[in-house]
Amino acid sequence: MSMPRIAPLEPPYDIDVEQAFTRIMPPGMPPLTLFRTQAHNKRVLLRMFAGNLLDKGEISLRARELLILRTCARCGSEYEWGVHVTLFAARAGLSKEDIAATLSDAPALSALSASELLLLKAVDELHETSSITDALWAKLEQHFSQVQLLEIISLVGSYHTVSFVTNAARIELETFAARFAQYQ
């Protein structure tokens, strides 16, 4: 990876930024490099946090993390993918094989459930066409409500944005985070 295009801010932070970091980060963990980079534009940082879909939503934690991992993998955002593998995968009940499926060209060969494979397919279609075919939509409706489907689409879109930032700004990988190569 090339040098970062925008150096992450170092403390001391603006009071609003410091408070936002305190709200979003686990106690004792310093702000992620992504967040410190976004903090150059306080409005963007605060809006990103306000639109955060990491709260208890309409889909399970496991489904949410599969969607995020597949989206980040498809976008080539090793930064965000690795952060989520490290911070959320175990809590979401994802095995090493489940995580590897998010990187796979053939996830159907994994042990993921039928509904989980549909989620990965939804990510793929959204990534490739910015839409979901009628055939896939009909299958998704057998497993997910309209409210859940809207959350799924929004989550994929949100993590496209995060991936665009991590890739375009060339944000350095977190030292603690997983790497693609560990799961390929």
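Serine 130 lies in the loop between α7 (114-129) and α8 (134-141); helices here are DSSP runs of H or I with at least four residues, strands are runs of E with at least two, and both are numbered from the N terminus. The model is a predicted one, in which local features need pLDDT of at least 70 and side-chain atom pairs count only at pLDDT 80 or more, while totals for chains, interfaces and linings use all residues. Residues are numbered from 1 along each chain as its sequence is written, and side-chain values use heavy atoms, with hydrogens and water left out.

Serine 130 is a friendly place to begin, since its backbone stands out. Most residues other than glycine have a negative phi, and most peptide bonds are trans. Phi of serine 130, however, is near 65 degrees, a positive value. With 66% relative accessibility, serine 130 counts as exposed (buried means under 20% relative accessible area, exposed over 50%, and partly exposed in between, with a 1.4 Å probe and protein chains only). Arginine 170, in the segment after α9, also has a positive phi, of about 55 degrees, although it is not a glycine. Its relative accessible area of 27% makes arginine 170 partly exposed. A cis peptide bond, with omega about 5 degrees, joins proline 11 and proline 12, and proline 12 is found in the segment before α1.

Proline 4 is also placed in the segment before α1 (15-24). Proline 4 counts as partly exposed, at 24% relative accessibility. Leaving out residues up to four places away in sequence, proline 4 touches Ala169, Arg170 and Glu172, where contact means heavy atoms within 4.5 Å.

Aromatic rings can be followed next. A pair of aromatic rings is described by the distance of the centres and the angle of the planes. Rings of Phe, Tyr and Trp (its six-membered ring) pair if their centres lie within 6.5 Å; planes under 30 degrees apart count as stacked, over 60 as edge-to-face and the rest as tilted. The structure holds four aromatic pairs. In one of them, tyrosine 13 and phenylalanine 21 have ring centres 5.0 Å apart and planes at 90 degrees, so the pair is edge-to-face. Tyrosine 13 is buried at 16% relative accessibility, and phenylalanine 21 is buried at 2%. Phenylalanine 35 and phenylalanine 49 are also edge-to-face, because their ring centres are 4.8 Å apart and their planes are at 90 degrees. This pair links distant parts of the chain, with phenylalanine 35 in helix α2 (residues 33-38) and phenylalanine 49 in helix α3 (residues 42-50), 14 residues apart. Both of these phenylalanines are buried. Ring pairs also link Trp81, Phe180 and Tyr183 into a cluster.

Two rings have a charge over them, meaning that NZ of Lys or CZ of Arg is within 6 Å of the ring centre and within 35 degrees of the ring normal. Lysine 96 lies over the face of tyrosine 183, at 5.7 Å from the ring centre. The charged end of arginine 64 sits over the ring of phenylalanine 88, 5.1 Å from its centre. Arginine 64 belongs to helix α4 and, at 6% relative accessibility, counts as buried.

Where does the largest pocket draw the largest share of its lining? The answer is α5, with five residues. This pocket holds about 430 Å³ of space, and of its 23 lining residues, Phe35, Asn52, Leu54, Glu80 and Tyr159 lie nearest its centre. On a 1 Å grid over the protein atoms alone, a cavity is a set of points where a 1.4 Å probe fits but cannot get out, whereas a pocket is an open set with protein on both sides within 12 Å along at least five of seven lines; lining residues have an atom within 4 Å of a point. Grid points are joined across faces, edges and corners, and a volume is the space filled by probe spheres set on the points. Helix α5 itself is mostly covered, with nine of its 12 residues buried.
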